[in-house]
Amino acid sequence: MHIVLQLIPKKYLIGGTLILLGLSGLLIMSTIVAITGEFEKDSQQSEVTEIEGGGIGVGTANVSPEVMKYQPLLEKYAQKHGLDASYVPIMMALMMQESGGRGNDPMQSSESFCGSVGCISSPELSVDKGVLHFKSVLEKAHYDLKLCLQSYNFGGGFINYVMKNGGKYTPELAIFFSQLQYQKVKHTGNYHCVRPEMVPYSACYGDALYVNAVLKYYTGTITADGKLAAPASGGSGGKSGVKVIDAGKTLIGKTRYVFGGGRSQSDINAGRFDCSSFVRWAFEQVGMNVGPMSGVTTDTLKTQGQAINPKDMKPGDVVFFDTYKIDGHVGIYVGNNQFLGCQGKTGVAIASMAKGTYFGERFNGRVKRF
């Protein structure tokens with residue numbers, strides 16, 4: 001965060017004063033040096049394909065258990081409001097920044113819903129209205145994810161401001177908007193800088209560094225224009241799907257199922273896996289990181305990748321089953337109503353998911369393509 005302050009010359013503090021005198025903010029914008037550094041690291045990705053909408057992405061939310069428990073509700077209301085499920089990890093990261101998953105309004109959506117803070121007292125209503133608001137802002141931002149996130153914090157006026165000043169989110173636009181808005185409201189005494197480093201710049205409206213604050217809880221791919229993106233290879237289905245299956249098959253007959261196993265190298269060396277650690281291991285063999293060894297679960301895996309209609313499954317897609325809980329078991333689809341997974345009695349093996357079989361009756365229709 002300090003990089004922003006270091007790269008904005010002190011002479012732009014004078015610019016803030018000029019704004020107070022009513023001079024044009026565009027004069028300041030015409031001379032500002034573009035901020036570079038850590039804010040743009042997450043937009044420099046190789047081998048990505050831009051998605052012009054629909055949000056097909058491969059992202060993971062790195063959040064607390066309090067936030068993780070809201071994942072099913074976020075998925076429920078994403079489906080209800082017609083928002084692609086690949087945005088769920090981003091919304092989980094947003095919730096982590098807003099509330100850490102605590103309180104009765106975990107998405108802090110009261111103000112967007114009814115115009116005042118504190119009107120929502122139901123966590124489910126907070127998620128419902130928060131997802132709806134996120135979708136609305138995302139569409140108005142033309143699927144520029146960074147612009148959407150900053151506008152979730154600033155309000156819709158920031159989108160209009162950006163469209164009049166280049167049409168694309170930048171960190172310096174967020175700072176200048178915060179300056180301009182603060183001059184309008186500081187007389188109320190209700191606004192104070194949430195970040196001490198913004199005090200010298202009088203950028204005390206909202207959080208001008210909100211985008212970076214949210215994205216620190218998100219591991220995923222975002223293109224330079226702010227869109228979520230998918231791998232150019234097309235994901236785990238198809239040829240690369242065959243590769244992950246071939247990698248997984250090398251463990252058939254060499255492992256045993258241990259709940260919680262596979263989360264240390266000693267476990268892996270000894271052939272001790274559970275279902276989710278096996279899936280993580282198989283994808284790692286083909287160069288795909290789908291989560292940390294020590295923290296992978298069925299719940300972390302289902303936040304990743306592209307949601308696929310079960311009718312369109314391809315070898316290499318990841319399939320989920322409701323066993324001891326919703327999404328309690330996971331495996332890799334191999335075709336012909338079969339999947340490769342680590343099961344309790346067999347260890348790593350190919351099992352049937354045809355109708356009438358144990359797993360066929362428990363397949364819940366969730367299919368993800370990594």
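Biologist: Starting with helix H11, what should its 15 residues span at 1.5 Å a residue, and how far apart are its end C-alpha atoms?

Modeller: Helix H11 covers residues 171–185 and should span 21 Å, and its end C-alpha atoms are 21 Å apart, which agrees. The expected span is 1.5 Å times one less than the number of residues, and helices here are DSSP runs of H or I with at least four residues, while strands are E runs of at least two, numbered from the N terminus. Please keep in mind that this is a predicted model, in which local features need pLDDT of at least 70 and side-chain atom pairs count only at pLDDT 80 or more, whereas totals for chains, interfaces and linings use all residues. Residues are numbered from 1 along each chain as its sequence is written, and side-chain values use heavy atoms, with hydrogens and water left out.

Biologist: How many residues of H11 are buried?

Modeller: Twelve of the 15 are buried, so H11 is largely enclosed by the rest of the structure; buried means under 20% relative accessible area, exposed means over 50%, and partly exposed lies in between, with a 1.4 Å probe and protein chains only. Among the buried residues are Pro171, Leu173, Ile175, Phe176, Phe177, Tyr182 and Val185.

Biologist: Switching to cysteines, how many disulfides does a search of the whole structure find?

Modeller: The search finds two, taking a disulfide as a pair of cysteine sulfur atoms within 2.5 Å. With bonded cysteines counted along the chain, the pattern is 1-2, 3-4.

Biologist: Which cysteine does Cys114 pair with, and is Cys114 buried or partly exposed?

Modeller: Cys114 is joined to Cys119, with an S to S distance of 1.7 Å, and the link is left-handed, with -110 degrees about the S-S bond. Cys114 is partly exposed at a relative accessible area of 37%, and Cys119 also counts as partly exposed, at 34%.

Biologist: And where do Cys193 and Cys204 lie?

Modeller: Cys193 and Cys204 form a disulfide with their sulfur atoms 1.8 Å apart, and the torsion about the S-S bond is about -75 degrees, so this disulfide is left-handed. Both cysteines lie in the loop between H11 and helix H12 (210–215), so the pair ties together parts that are eleven residues apart in sequence. Cys193 is partly exposed, with a relative accessible area of 21%, whereas Cys204, at 7%, counts as buried.

Biologist: New topic: at what angle do helices H6 and H8 pack?

Modeller: H6 (residues 88–98) and H8 (residues 123–140) pack at about 115 degrees with their axes 12 Å apart, where axes are lines fitted to C-alpha atoms, for helices over the stretch in contact, and angles run from 0 to 180 degrees between N-to-C directions. Ile90, Met91, Leu94 and Met95 of H6 make the contact with Val127, Val131 and Phe134 of H8, contact meaning heavy atoms within 4.5 Å.

Biologist: How many helices and strands does the whole chain have?

Modeller: The protein chain comes to 17 helices and twelve strands, and buried residues make up 51% of its 370 residues. Among contacts between residues at least 6 apart in sequence, 62% join residues at least 24 apart.
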